[in-house]
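Open the structure in your viewer and keep the selection tool ready. We will go from stop to stop, and at each one you will select something and look at what is there.

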Amino acid sequence: MLKRTLSFIFIFCMIQAGWAQTYTKVDIKQKFVEGNSFFLFEEYLDALPYYLDLIKIYPDNDNLNYRIGICYLNIPGEKDKAISYLEKASKNINPKYRENSIREKGAPMDVFFYLGNAYRVNNQLDKALEMYRYFIDHMNTKVYKEKVIDMQIQACLNAKKLQEHPLYLSRKNMGNIINSRRSDYGPIISGDEKSLAFMRKLAFYDAVFFSQNINGQWTPPINLTPQLGVDQDFYTSSFSYDGKIMYLYKNDEYDGNIYISRFVDGQWTRVIRLNDNINTKYWESHASVTKDGQKLYFTSNRKGGYGGLDIYQSVLDSTGNWGPAENLGPIINTEYNEETPFITVDGTTLFFSSYGHFNMGGYDIFYSNLLSNGEWSVPVNMGYPINTTDDDIFYQPIGEGYYALYSMFSKEGFGDMDIFRLEIFSAEHPRKFLIKGMVSVNNVPIKINEDIFINLLSKNFEDTIKSVNPDTAGKYQFETFAGDYNLTVTGEGFVSYTKPLSLPNSLNKEEIDIPPTTLSLSDLTAELEVPDTVYNTIAGDTVNLLLNTEKGSWLTIRIYQDSVLLDSIRYFVTDDSLMFPILPPTGASKVLLTLQDKFGNLTTKDLYLNVTAPPPPVPIAEVKEHELRKPVMTPAQLQKLQDFLDILKHYSSGDLYKEIEKIDPVEMNLTDQYAVINFLKRKAEVSDYTPDDVDQLLVVSATRKAGEVEDIYSTLVDRATGNLQLLLKNIDLEKENIHTPERLFSYLEQAADSGIIDSSSVKDVVVKMATEEDPNLPKIYKHLSKFSEGQIKTAIENISPEQNEIYSAWELSDYLLDKSSVLGYTPKDLIYLFAQISTNGNPDLKDFLKKLKDKASDPLLSILDNLDIKKQKIRSIQDLMDYLMVLVKTGQLDNQDILKAMMRIILSSDINEEQVRKLISKNKIISRPGRNTIFWIIPIIIAGMIVWVVIVRRKKKRQKE
């Protein structure tokens, strides 16, 4: 065994000697010196081969491992390789490290700093923090600045925060026409997106390449070196908006300067250096110009700045030259470097890179907005993953900044660095998806595109986001934004289909294919009811057949006498009730009714007519006015019309009220609500009210909410259908300056005049609402009845909505508030009851306050927005209610303001009865968090423990004695 070991050692030494014999000592020293010279000037790519050759000779030399690690740390795409070399070097620290000695085998203490950087850029943040903290505890403070290390520690902590809430963005490689097998970086694009330039790393230099977008396709890029009249060290900065001027940066023998080239007759001119207001003896490295070409943003480290490279601006003067430079100030510039400023097309957002600010490592991309006072806002980090823990410098925004060009390494790319087009999604620019699907029905004779609706609903089914019809082949598609939805396919007479649809920002596809949907019928009968089957009349009189039918059906009416078909009429039904006039023959006859609905269902009914001979004629002079024929209405129709008139009277006043009071529908031949409205408008021509007053009365009667345009709008959205509902959902009341009901209906009338909606649809929905009960009235009545106690409960149980003329939930709350003193309770008692219900079982103050703000209107909303709950010592919902009641006493609020906001919360919530009862039973709504008990218990426990210790000690002392 010993012999084998000795043989192995001998062979290993011979191999090492063979390596060493490859180079003489002079050669080795020369390699070390040359490698160090490149290393000194930070030309790490050139230094690396020398060190890699030497490490083969001296594999345990940690000075070489240290230098190789730093080289890799500064070579894009190779930075992960730095870790192993620096880790190895960190285990051999020489406190007396000799930097330029070939005999040095150890590493300096700052290897821990660079190892921390290597961990950071490779996103190993916990290890990076460990290295930085170790280094800061052991470094020589005379050599190293603690502030620099603290900055790296803070960058790691910032990175962790930003990575917890990543941006979502899509990356699209610009393709193999633009990208090559080499590194392509520094992309710039014109405002019209027709001109593109970028840098490409060639064998011996980096060249500027140029491409144009023609008919939506990028042309193969051309090397601009000959046209620009340059050799090397020129780099892209930006384009003018029209792409006719290119701004470039050049390293002029360690002096950075900014140049331009112009696009003339299809060629780029030779570069021209900008004037001395821009270029100085200091370093200028990047420039970007506004859309109008009047303002230039550029970087410089000239005197008078805030540290390192700062961003300056210069304005074009009347002679066409750039004027004196002005520093953008300490909000934008830091004591560190700011680089690569880009101004957006609208001139209001500045993107730039910085080594300072809220940074997550190296350079990060930031943006700042130009405020109305001419100042720049505090820069905001673009966030992860646009920014990484490594250097992120060159970010070319497109348009307003929702898109950008960016170069990065990618395993799926064409070379080292590729150019990508980014799209950044946010609340202002949400991601879009294309939804596609197909719907079919089995053996049903209907037009699919008219009778079927595909609806995209919110997750809670409260809002309709999209509603479309399929085409005649059953196909449909529409665009929507990221979010969680429910997709429903509905049609009158069909069983609805519902599918949850989740579209997160992180979804890896743009088009969503919905599985084909086949609808089955739920409507299996044609609805046809006849209140009377036998009619007796006199010859010559018209018989009005009263029928309850199914809208959208075909009704066939056949008249037989003695089994002989006398007449056949086919009629398309447009309403659910129908009065059809016929003139039957004298004698007995039979009417056969056949109704075929749109699904092909059939129903038949038989009617019998007995027509007697007419009485002898009466002289015309003897016919009295009251004997003229009155319109035929069923008792139900008459009652419905009378209810409509009662509601109109309730909400009207003055001359309009008097006119409605005089209406007798039967005597005045007014058969429906529309006839009443038209009559009132005709009478307006000779009365002291106007047709607009009639429309306003109709709106208030329909919505039961006078004056609250938001509530009227909400009610209309809930009740409307089709195009009217879609239009209403897309109205921005604030943007359209809609602050009154009159303005809202004026807006809808204009939409009707423009053909966007049917002119009758608005009136139809309002009339329908006015003739229906307010669905919110029984809902709020039920909640109040369930949760109230004492005098309030007695009052609610004794209220008769009909006798008290209460038509809506809002009138119920008004009635209870107005009658509080008579009914034996206070407004405060009522408001506390509403507060208990509107919490929905959750006593959390912040949650309640948020809901209250959402539903409040001024002046309550303004008070809540400016409320400092800590300053006012508000710790519970009772505290909040007490505070608001004080404002009521001082006249700053009205009880109605508070009550209406809580009413809206209740009506928009699904009240959990069990939770509310539990909350009321614990009385949490009117109590603060239970701190006092704890404050008493803790001292008692501590006192008890002290007494116990004293007793035990005395007992032990006595035992010893």
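**Stop 1: confidence.** Colour the protein chain by pLDDT. This is a predicted model, and its confidence is lowest in helix α1 (residues 2-22), with a mean of 43. The highest value belongs to strand β13 (residues 295-300), at 97. Now select residues 1-21. Their pLDDT is below 50, and beyond near neighbours in sequence this stretch has 2 contacts in the model. Jump to residues 924-936. The pLDDT is below 50 here too, but this stretch has 19 contacts beyond near neighbours in sequence. Over the protein chain, the average pLDDT is 83, and 86% of the residues score at least 70.

**Stop 2: the whole chain.** Switch to a cartoon view. How many helices and strands does the protein chain have? There are 29 helices and 37 strands. The chain has 961 residues, and buried residues make up 44% of them. Take the contacts between residues at least 6 apart in sequence: 57% of these join residues at least 24 apart.

**Stop 3: a helix and its cover.** Select helix α8 (residues 146-164). It has 19 residues. From first C-alpha to last it reaches 28 Å, close to the 27 Å expected at 1.5 Å a residue. Show the side chains. The buried residues of α8 include Ile149, Met151, Ile153, Ala155 and Leu162. Gln152 and Asn158 are buried as well. What covers the buried residues of α8? The cover includes α6 (111-121), α7 (125-138) and β19 (380-381).

Stop 4: Now pick Cys71. This cysteine is also buried, at 0%. A disulfide is a covalent bond between the sulfur atoms of two cysteines. How many disulfides does a search of the whole structure find? It finds 0.

**Stop 5: aromatic rings.** Show every Phe, Tyr and Trp. A search of the whole structure finds 31 aromatic pairs. Zoom in on Phe351 and Tyr367. Their pair is tilted, with 5.9 Å from centre to centre and 40° between the planes. Why does this pair tie together parts that are apart in sequence? Phe351 lies in strand β17 (residues 349-354) and Tyr367 in strand β18 (residues 364-369), so the pair joins parts 16 residues apart. Tyr367 counts as partly exposed, at 26%.

Next, select Tyr395 and Tyr406. Their ring centres are 5.9 Å apart and their planes stand at 65°, so this pair is edge-to-face. Tyr395 is in strand β20 (residues 395-398) and Tyr406 in strand β21 (residues 403-409), 11 residues apart. Both tyrosines are buried.

Now select a group: Tyr66, Tyr97, Phe113, Tyr114, Tyr132, Phe135 and Tyr144. Together they form one aromatic cluster.

**Stop 6: charges over rings.** Find Arg67 and Phe39. Arg67 lies over the face of Phe39, at 5.0 Å from the ring centre. Then find Arg200. Its charged end sits over the ring of Phe209, 4.6 Å from the centre.

**Stop 7: a loop.** Select the loop between β14 (310-315) and β15 (326-327), which holds Ala325. Leu316 is found in this loop too. Start with Leu316. It is partly exposed, with a relative accessible area of 22%. Its C-alpha is 5.1 Å from that of Gln294, 22 residues away along the chain. Leaving aside neighbours within four places in sequence, Leu316 is in contact with Gly293, Gln294, Asn321 and Trp322.

Move to Ala325. At 28% relative accessibility, it counts as partly exposed. Beyond four places in sequence, Ala325 is in contact with Asn277, Phe298, Arg302, Tyr312 and Gln313.

**Stop 8: a strand.** End at Thr594, in strand β36 (residues 587-596). This residue counts as buried, at 15% relative accessibility. Which residues does Thr594 touch, not counting those up to four places away in sequence? They are Trp554, Leu555, Thr556, Arg558, Leu602, Thr603 and Thr604.

Methods. Residues numbered from 1 in each chain as written. Predicted model: local features only at pLDDT ≥ 70, side-chain atom pairs only at ≥ 80, totals over all residues. Heavy atoms only, no water. Phe/Tyr/Trp six-rings, centres within 6.5 Å; stacked < 30°, edge-to-face > 60°. Helix = DSSP H or I, 4+ residues; strand = E, 2+ residues; numbered from the N terminus. Buried < 20%, exposed > 50% of the residue type's maximum accessible area, 1.4 Å probe, protein only. Lys NZ or Arg CZ within 6 Å of the ring centre and 35° of its normal. pLDDT = per-residue confidence, 0-100. Contact = heavy atoms within 4.5 Å. Expected span 1.5 Å × (residues − 1). Disulfide = S-S within 2.5 Å.
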